[in-house]
Amino acid sequence: MNVPNLLTISRFVLIPVFLVLYFKGHSIAALLTLLLAGFTDFLDGYIARRSGQVTVTGSMLDPLADKLMMLSVVLALLIKSVLPLAAFVAMAFRELGMIIGSAIFYFRGFKTVPANGFGKATTILYYLAITLMFLDQPGGVPLLWGGIVLSFVTSFIYFMKFKKINAVS
């Protein structure tokens, strides 16, 4: 187990920590836990690429950890009535679709598409929007909707790249 994969696994551990903190009324601590998870996401990818430690396991677990963390956060925000149901449904539909699709394609031996700038921009928008919501500042929900729209554009781009790299010649 290399350092990037350990950082990825730490994000799985941070999910229940986030949820406990948030539902016990420690919103700022929960937000800091979420931001720590976001930092480990950046750090694991950086270390893996810089040190040549990119692994198949990491390539599968990293996006899964990200998607499960984001689903946990938006579900928690929905339960506390901070997030509109429609935004939750849109995000859950996309995130679950990506998780299920990736698993099916992986187990069928297809090549996966690495993250691109649009995916990273989507993540940044999500984190900014969620931070605004946690701090009870205006603009969080509209910014989140911008991230949701960008996530679907990104999914379309991933799908087109997926088709291209897995085309039978």
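Q: Does Arg11 count as buried or exposed here, and at what relative accessibility?
A: Relative accessible area is worked out with a 1.4 Å probe on protein chains only: under 20% is buried, over 50% is exposed, and anything in between is partly exposed. Arg11 comes out at 1% relative accessibility, so Arg11 counts as buried. Please keep in mind that this is a predicted model, in which local features need pLDDT of at least 70 and side-chain atom pairs count only at pLDDT 80 or more, while totals for chains, interfaces and linings use all residues. Residues are numbered from 1 along each chain as its sequence is written, and side-chain values use heavy atoms, with hydrogens and water left out.

Q: Which side chain meets Arg11 in a salt bridge of 2.5 Å?
A: A salt bridge is counted when a side-chain nitrogen of Lys or Arg is within 4 Å of a carboxyl oxygen of Asp or Glu. Here, the partner at 2.5 Å, N to O, is Asp62. Asp62 sits in helix α3 and Arg11 in helix α1, so this pair ties together parts that are 51 residues apart in sequence. Helices are DSSP runs of H or I with at least four residues, while strands are runs of E with at least two, and both are numbered from the N terminus. Asp62 is buried as well, with a relative accessible area of 18%.

Q: With which residue does Arg11 form a salt bridge of 3.0 Å?
A: That residue is Asp66, and the 3.0 Å is the distance between the closest N and O atoms. This pair also links distant parts of the chain, with Arg11 in helix α1 and Asp66 in helix α3, 55 residues apart. At 23% relative accessibility, Asp66 counts as partly exposed. Salt bridges that share partners join Arg11, Asp41, Asp44, Asp62 and Asp66 into one network.

Q: Where is Asp44, and which residues does Asp44 touch?
A: Look in helix α2 for Asp44. Touching, or contact, means heavy atoms within 4.5 Å. Leaving out residues up to four places away in sequence, Asp44 touches Pro4, Leu7, Thr8, Arg11 and Asp62. Asp44 is buried, at a relative accessible area of 4%.

Q: How many salt bridges does the count come to?
A: The count is six salt bridges. One of them pairs Glu95 with Arg94, whose closest N and O atoms are 3.2 Å apart. Both Glu95 and Arg94 are buried.

Q: What span should helix α1 have, and how far apart are its end C-alpha atoms?
A: The expected span of a helix is 1.5 Å times one less than its number of residues. Helix α1 has 21 residues (residues 3–23), so it should span 30 Å; its end C-alpha atoms are 31 Å apart, which agrees.

Q: Where in α1 does a kink lie?
A: The bend at a residue is the angle between axes fitted to the seven residues ending there and the seven starting there. In α1 a kink of about 30° lies at Val13, shortly before the proline Pro16.

Q: Against which helices do the buried residues of α1 pack?
A: They pack against α2 (27–51), α3 (56–79) and α5 (117–134). Among the buried residues of α1 are Leu7, Leu14, Ile15, Phe18 and Tyr22. After α1 comes Gly25, which has a positive phi near 90°.

Q: Which phi does Ser81 have, and where is Ser81 found?
A: The phi of Ser81 is positive, about 60°, although Ser81 is not a glycine. Ser81 is found in the loop between α3 and α4 (85–107), and is exposed with a relative accessible area of 64%. Asp136, likewise not a glycine, has a positive phi of about 55°. Its place is in the loop between α5 and α6 (140–165), where Asp136 is exposed at 68% relative accessible area.

Q: Which residues does UniProt list for "transmembrane region"?
A: The unreviewed UniProt entry lists residues 6–23, 68–93, 113–135 and 141–160. Such annotations may be inferred rather than shown by experiment. Residues 141–160 are 100% helix and 0% strand, with end C-alpha atoms 29 Å apart. Over residues 68–93 the chain is 81% helix and 0% strand, and the end C-alpha atoms are 13 Å apart.
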